[in-house]
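Thanks for coming. I will go through one model today, starting with the interface and then moving to a few local details.

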Amino acid sequence: MSSATAMVAAEEVASGHAPGRTAALAVTAVGVATPAGLDPVELARAVLAGRQGSADTEGLGDEALPPRGARVVPELQNAFAEHIGRKGNRHLDRTTRLGLLACQFALEGHTGPVGPRTGVVLGTSTGSIRSSSEYSMETLRQDRPYLVNPSLFPNTVMNCAAGQIAIRHGLKGVNATLAGGHLAGVQALRYARNALRQGHADRLLVGGVEEYCAQSAWGWHRSGALGIDAPVGEGAAFLMIEPAAAVHAAGRRGLARILACETAFAGGRGLGDALAAVIGAALVRSGKDPAEVQAVSLGSTGQRGLELVEQRAVRAALGGRLPQRVIRVKDTVGECFSSGGALQIAALLGAWQDQGAAAAGETAVVTAVSQEGQVGCVVLDTNELGTGELGAGGLGAGGLGD
Amino acid sequence: MSEPGTRRVVVTGLGAVSSAGIGAAEFTAAIRAGAPTTSEISSFDTTGFPHVHAGEVKDFEPREWLRRIDPGQWGRSSQFAASAARLAVADAGLAEEDLAAARAGSVMGTTSGESAVIEELVAEWAADSLKSMTPGRVAAAPAGRIAVAVNHELGLTGEALTLATACSASNYALGYAYDMVAGGDADYMLAGGADSLNRWAHAGFFRLGALAEEVCRPFDVDRSGILTAEGGVALLLEPYERAVARGARMYAEVLGYSVNCDAEHMVHPDPTSIAACIRDAHRNAGVTPEQIDYICAHGTGTRTNDATEVAAAREVFGDRIPPISSIKSIIGHTMGAASGFGALICCQALYEGFLPPTANVEQVDPALGAGVDPVPGSARPARPQVVENHGFAFGGNNAITILGRVS
């Protein structure tokens, strides 16, 4: 099956039915805000050890929460005050705070220039569903329906976090928010790849944000989409993405290369077949053989009906096996919907960073699948960028290959 | 295999679901006539709101337009988008099975996603508790469902991307779709946007002092703000060569676009960034300011927007600002669909030969300076060759597309 899939993908390329290889992107920094900490190595260690992130839901509002596990970024208010500051930030909602924090860490780890030709690509599902729901509720509860707080109105719009990130750092390049749900990670990278190729920015902070709140927790609980033990979580992760050639030309080094970010829609096909096909196409586009893949970061852990479909598809695409390194972030961070994909990549990068030289030359696939028919795959590796050795970047000292 | 950007891209199908009618022909006729299609809101309870007018899509019966998806499982914005997409494909004279067999996808813009669904969930919350939310409604709430609905409805197997860059989102979508087709990543893309009327936005705009009572008058000395609105719009994009080969009608060629960010303020637009976006769009499209024959304005109807938009245009065009009109004076502000409706009317203007009007203008605001021609009244016969379509948004998300007459 896997060779058949690869063959189909190869035929598609040969017949002009799939685009060829494009210039690689470099990940030059990563920042996270997760229930398992504010550092991708901490996240990776927790994930690989099967350790749960914080479940402390104190201070998340007055609404009762569902009888289901939670994963919450601990002490967010304190971390935000320490790393971002309180001044002028009173009206920011939790989604925007998480996004600002993860971007702050990515920028702190970024060794190159930032400047106005930097942009943002942010994945979401509904923006802050708490902000829009509460705003809507105010129109019902106030004496007059329009007695809402005008300074909270921007929080109800899905591009709020991306706009605030741009304002804080003066990022005037392309600023995009995409509502990708479980596909948001792949879609954000795909959008970024195109924007960089078209010159709408020189470098992009690419990631996703999802906050834990009563509205989303009850939504997941009521939806029946999650297994009974699957916790609802939150988190944000952002990668600094630049054209690999530009990073190399500047004598800088990256954490990893992104070789492909492909998506498709199952349509009439089965989800598993569509996912296997998109993994195959992404590997062809990356110039990688399925046998070279040593790690997979899975997306649908905890989701009823999808978990097995995803694993079967990965096996099918990789020659009947799962790679030796299998990363499942959701036991640690919970169901993070639109930030799940970015967290899958961040955990992988954290694991690579933690392993140092031992991870050099490793290739990984990051998969995504939605109940509604969307499938996607990102291919990354730790091969050298250009002629420069892959090494220390945003993760602090002692990078891979050192 | 094509290198990025090497294929010419044309628009061959148009679809609209709007207060100005369903289908591109009805929509265009209404815009050309220049008579407002806004009305009193009936889709939510307006009791207690001083202003109760909006561009509402009346009498939309999704089952009349949708063949595959079950409207009961999809929110209003998704229904609008999928219906508009199906209309665009029919308008393009493209057989459904041919489209489904091709490398085809969709990219749709939105401001508030499935806001009407979210408000139904809030009503359940208000009536009882969050525990009482209906699972089917919860499933319909994510905004990403909008593009998913288009792919499901048309059996597409390519990308299904929903861009949530608020009120410029359709222009973002059109730009991205253009790149995908030009670069050979896709052979057909449906690009557009959708949004639904909702109480929270109506309340928010009223509290910002930006909501007009009954009439939207962009560029007029007596303007008083926006009218909220809803609808769905879709444009079918394909490579020029393919359109020629299948003998398709070509409304317009997508020449290029630009997106950038003010990075200054969440709700106040910045003329310098907008001017930079216009210049970048010209560069991307390979045109000069002198070549622009018409600007389809963001034109919300607020004093701030008018002043900013005209100042930005003046920075780029000097004293020769092309005719600049706002169709929001006719249909209201359709939010994430707005620049998609703008793109649609630009295509029609290029194909049929007219300039879209600004309705309700009695006296152009002298504070905007000399040389502002908002094409008052009804459509003006003309033969525009290259036109510019503006979209600005909360968050400082500017997006400008450039369309040309197919030569």
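How much area do chain A and chain B bury between them? The figure is about 6000 Å², with 64% of it on carbon and sulfur atoms. Buried area here is the accessible area, taken with a 1.4 Å probe, that two parts lose on being put together, summed over both. In chain A, the residues that lose the most area to chain B are A:Tyr146, A:Phe153 and A:Phe265, together 11% of what that side buries.

Some housekeeping. This is a predicted model, in which local features need pLDDT of at least 70 and side-chain atom pairs count only at pLDDT 80 or more, while totals for chains, interfaces and linings use all residues. Residues are numbered from 1 along each chain as its sequence is written, chains are lettered from A and ligands numbered from 1 in the order in which they are written, and side-chain values use heavy atoms, with hydrogens and water left out.

Back to the interface. By contact, meaning heavy atoms within 4.5 Å, 67 residues of chain A meet 74 residues of chain B. The rule finds six salt bridges across the interface of chain A and chain B; a salt bridge is a side-chain nitrogen of Lys or Arg within 4 Å of a carboxyl oxygen of Asp or Glu. A:Arg285 and B:Asp185 form a salt bridge through their side chains, at 3.6 Å from N to O.

Which elements of chain A each supply at least two residues of the side that touches chain B? They are α5 (129-141), α6 (160-169), β3 (175-179), α7 (184-197), α8 (214-223) and β6 (256-265). Helices (H or I, at least four residues) and strands (E, at least two) are DSSP runs, numbered from the N terminus. With nine residues, α5(A) gives the most to that side.

Next, α6(A). Seven of its 10 residues are buried, so α6(A) is largely enclosed by the rest of the structure. Buried means under 20% relative accessible area, exposed over 50%, and partly exposed in between, with a 1.4 Å probe and protein chains only. Among the buried residues are A:Cys160, A:Gly163 and A:Gln164. The cover over the buried residues of α6(A) includes β3 of chain A and also β9 (252-261) of chain B. Just after α6(A), A:Gly170 has a positive phi of about 65°.

Chain B has two residues to look at for phi. Most residues other than glycine have a negative phi. B:Ala263, in the loop between β9 and α11 (271-285) of chain B, has a positive phi near 55°. B:Met335, in the loop between α13 (328-331) and α14 (338-353) of chain B, has a positive phi of about 55°. B:Ala263 counts as buried at 8% relative accessibility, and B:Met335 counts as buried at 8%.

Last, B:Thr162, in strand β6 (residues 160-163) of chain B. Is B:Thr162 buried or exposed? At 0% relative accessibility, B:Thr162 counts as buried. A polar atom of the B:Thr162 side chain lies 3.3 Å from the backbone oxygen of B:Gly144. The residues that B:Thr162 touches include A:Leu178 and A:Ala179.

Definitions and conventions. A polar contact is a pair of N or O atoms within 3.5 Å; within protein, one must be able to donate a hydrogen and the other to accept it, and residues adjacent in sequence count only if both atoms are side-chain atoms. Lists of a residue's contacts leave out its neighbours within four places in sequence.
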